[in-house]
Each structure stands twice: as C-alpha cells, then as structure tokens.
Amino acid sequence: MTEIGIIAVGGYNEMGRNMTAVRINEDIIIIDMGLRLDRVQIHEDVDIDRMHSLELIEMGAIPDDTIMNEVNGNVRAIVCTHGHLDHIGAISKLAHRYTAPIIATPYTTALIKHQIDSERKFGVKNNIVALKSGDTMEITKDISIEFVNAQHSIIDTVFLAIHTPSGSIIYACDFKLDRTPTIGEMPDFERLTKLGQEGVIALITESTNAGRNGKTPSEMIAHMMLKDVLLGTEESDVGMVVTTFASHIARMNSIVQFASEMGRIPVLLGRSMERYVGTAHQLGYINLPDTVEIYGHRRDIDGALKKIMEKGKDKYLPVVTGHQGEPGAVLSRIANGDTPFKIETGDRIIFSANVIPSPMTQANRYSLETKLKMRGARIYDDVHVSGHAYREDHWELLRMLKPEHVIPAHGTIHMHSEYIQMAEDAGYSLGDTLHLLRNGEELYIEEE
C-alpha cells in the first residue's frame, strides 16, 4: 500500500507563488517555490533580498510553507520545473529550511544560483543539481524523478514525473503543446504517451488558460507576427522600440535576428535582459551576433539611449524591459521623459507581450500606453502568443496521460473551474477523480 499526499502550499488560490509538496508515504518532494510579483509591487521601495521570509509570507508574496511543519515526513528533494520567478522566486527565502538538494534543468539552475547570490537575509547552502530533460534521478530506493521535455515561454522547461512503486505523479505547471518551437525540441509526446500506458496516479496541472478555446498558437506564429511588424513596413527609418519578457529567450532570439535583417544594431536594456539573455548566451542556448549590446545598470542604459539619439534611431533597435508598466523599468522611464531617449511622432512601440491579468498591472499598462501616445508613439499591441496551454491542449494532455486523479493548480478559482468543466467533459468527476484544492489543504490518495 502506497499512501500519497498532494499538499497545496501556494498558487492554488492565485496566480503566482507556486509550491506543491508530494508525499509518498513518509518521503516528500517539494515542487517549485515561487514569488507573487504583484504583492511585492504594491509596496514601494521594497528590497526583497533583505526581507525575512515571514514578512513576505504575511504579504502573500511567497508560499506559506509553515504548513509543512504539520506534514508527517522528510523532504528528500526540491524540484523546479522552469526558471520563471513565480516558480523559483522564493527559493532564496525558503529552501534553507529543508535538508534537500535543489534539482532543476541547467538553465533553471543557473537562474536559481543568481537568486541565491543576490539574497541578503538567508544563506542557502542546499546542493544544486542540474538534470537535463529526458534524464532520471533516484531520490530514494523507491522513488525517482524524471524530466520530460516541455515547451513554455522560457527555455529548458520540463514536465516532472515522480515515479513510485504504484505509478507516477505528473506535474505540468507550466506548458504549451508547441509542435513548431523556434528554440529547443517539441514536447516529448512519445514519452508522455508511454507514461500514460505505464500508469499515472495523479496529474497536477496549471489552469491559467483553461478557459480559452482551441489550442495555444505556436511560438512560430509570434515569430512571423514580429517579422511582419518589424520588416513589413515602408516606414523603415522611424524609431522603433520593442518590449518583451526578458526570460522569453525564443522571442528575444527572433527580435535579435530581425534587427540584423533590418540593418539595425540590437540594444538590450534592463537588468533582467542582462541576467536572462546573458545566461542563455553563456550556456549556449542562444547565439548572439557580435553587434548586440546589452546594458543592465541605469547609468549604462542612459548612456546607450543617449548614443541612439545622437547617432540616429534608424540605426538601432532598443529592446527594453517594462511592458507591464512597472515603475522604474526602462520603458516607463522613457514614457515619463526620464531618459535621453525622446519619443517623436510616428515612433513605434512594439509590445511583444500580453498584459498580466491583474488590476494593478492592467492599470500600470494603461497609464504607460497613454503617456507614450501623448508623446506621439504608435502602439503595436499584443504581438505575442501565450506560453500557457489552452483548453484543447489540456484535453490532449489528459488523453495522453490518462491519470486516475486530476488536480488543477497555478491559478484562481475561476481558472480552476474552467479546467474542471473541461476535465468533466473528459470523464472525470469532481470530488472523486477530480479535485479542487485550496492553499493549505492536503489530498490523500491510497494506492495498492
């Protein structure tokens, strides 16, 4: 008899601060330790690196892992499935409480090390292990973990399979079923199907876009949309600024490629650009032309923007942070007139990113776009495709894995309810084989 517990630590009531614990008898594997960014942005001048974990828990910014004190068992591993902050942003605050290695893909481990290096309150001494997609690692004599290749809006994303004597538990937060990715391999459908045949006890899956019809468009679609906006114009000499997620390496790769085709020098501006793109380049995930310039510090950014104004906007393609209207980000400072770069009538601002659906970011973005338009900018909005599965992708994953139990995670109750409707269509029954969990709850499953 194997007793399995699925503990919803964070991310089950909201978007962000993802953390799940899976208990197999008395061995526990923690999956993800994330941050909820909007709870931090509400407070001005917050220096997360210097804050205590209990303060951040109280703010609702990181998972409340104090509930782990009531779980009977020993934590054997902390596993992170990709490098977004809502999945790794709390590692530097919480991981030191557990005598367990942190296991992630090579790019994700590099980002985790950056997080730990910038931490000022706690010393995280956990061993960090890089495991490639397709590899398996033994955790105890009865439990092993396997990374199965996935696609998402950050490179080196995986599905996690936890193998137990009674079958596997699959964690799929976050993913899209992209068959034509622009970087990396498509998801390992063959292995996912095989896992389904071998027996899946439970699937823990994101529900972010479960309410959107159809399937998520491929990253190749975003690549072509960007090409059309940047190259498909007769006004090729106007100022252009692109903003996107710095962590979206496939998108950054497309932008840099098109800059070269336009005969412009790509200039990447912002601390996160330096961290995410620089790390991807060092690890060989992205090839950057010699012309690329990257600046992370404010003085260097302003120097680069001054040079662009002096030498001519038509010679450069600035790629900047700040598409959500974050105060202090490069694009917000440009919109406020706080940099040497001046928006002139007809300049193009290309948002290769969606608006994160929270009232705060929506208000910030509205304010940002209004300021840019007042300065004469032409706005190109939503030149983007999502990194999250739509309803039919979820349906397809369910059909491949055939799990006995399904637990929607990573989302609000509205998102979970959309997923539940889809899963009921696939033959699952709420309260029996389909489970709605809230933060702090544990689901018990007994397997022969």
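Biologist: How much space lies in the largest cavity?
Modeller: This is a predicted model, and in it the largest cavity holds about 60 Å³ of space.

Biologist: And how many cavities of 30 Å³ or more does the structure hold?
Modeller: The count is 1 cavity of 30 Å³ or more.

Biologist: How do they divide into nonpolar, polar and charged?
Modeller: In the lining of the largest cavity, 6 residues are polar and 4 are charged, while 2 are nonpolar.

Biologist: Let's step back to the whole chain, then. What domains is it divided into?
Modeller: The chain is divided into domain 1, which covers 2-215 + 387-447, and domain 2, which covers 219-380. Each of these domains gives at least three residues to the lining of the largest cavity.

Biologist: How far apart do the C-alpha centres of domain 1 and domain 2 lie?
Modeller: Those C-alpha centres are 31 Å apart, and where the domains meet, 20 residues of domain 1 are in contact with 18 residues of domain 2. Between them, domain 1 and domain 2 bury about 1,700 Å², with 64% of that area on carbon and sulfur atoms.

Biologist: How many salt bridges and polar contacts are counted between domain 1 and domain 2?
Modeller: The count of salt bridges between domain 1 and domain 2 is 0, whereas 5 residue pairs are in polar contact between these domains, counting pairs with both residues at pLDDT 80 or more.

Biologist: Changing topic to pockets: where does the second largest pocket lie, and why there?
Modeller: The second largest pocket lies between domain 1 and domain 2, because both domains give residues to its lining. About 290 Å³ of space lies in this pocket.

Biologist: Which residues lie nearest the centre of the second largest pocket?
Modeller: Of the 22 residues in its lining, the ones nearest the centre are Asn 149, Ile 155, Asp 156, Gly 184 and Tyr 285. The lining of the second largest pocket as a whole is made up of 10 polar, 9 nonpolar and 3 charged residues.

Note on methods. Residues are numbered from 1 along each chain as its sequence is written. This is a predicted model: local features need pLDDT of at least 70, side-chain atom pairs count only at pLDDT 80 or more; totals for chains, interfaces and linings use all residues. Side-chain values use heavy atoms; hydrogens and water are left out. On a 1 Å grid over the protein atoms alone, a cavity is a set of points where a 1.4 Å probe fits but cannot get out, and a pocket is an open set with protein on both sides within 12 Å along at least five of seven lines; lining residues have an atom within 4 Å of a point. Grid points are joined across faces, edges and corners, and a volume is the space filled by probe spheres set on the points. Ala, Val, Leu, Ile, Met, Phe, Trp, Tyr, Cys and Pro count as nonpolar, Asp, Glu, Lys and Arg as charged, and the others, Gly among them, as polar. Domain bounds come from an automatic or database domain assignment. Contact means heavy atoms within 4.5 Å. Buried area is the accessible area (1.4 Å probe) that two parts lose on being put together, summed over both. A salt bridge is a side-chain nitrogen of Lys or Arg within 4 Å of a carboxyl oxygen of Asp or Glu. A polar contact is a pair of N or O atoms within 3.5 Å; within protein, one must be able to donate a hydrogen and the other to accept it, and residues adjacent in sequence count only if both atoms are side-chain atoms.
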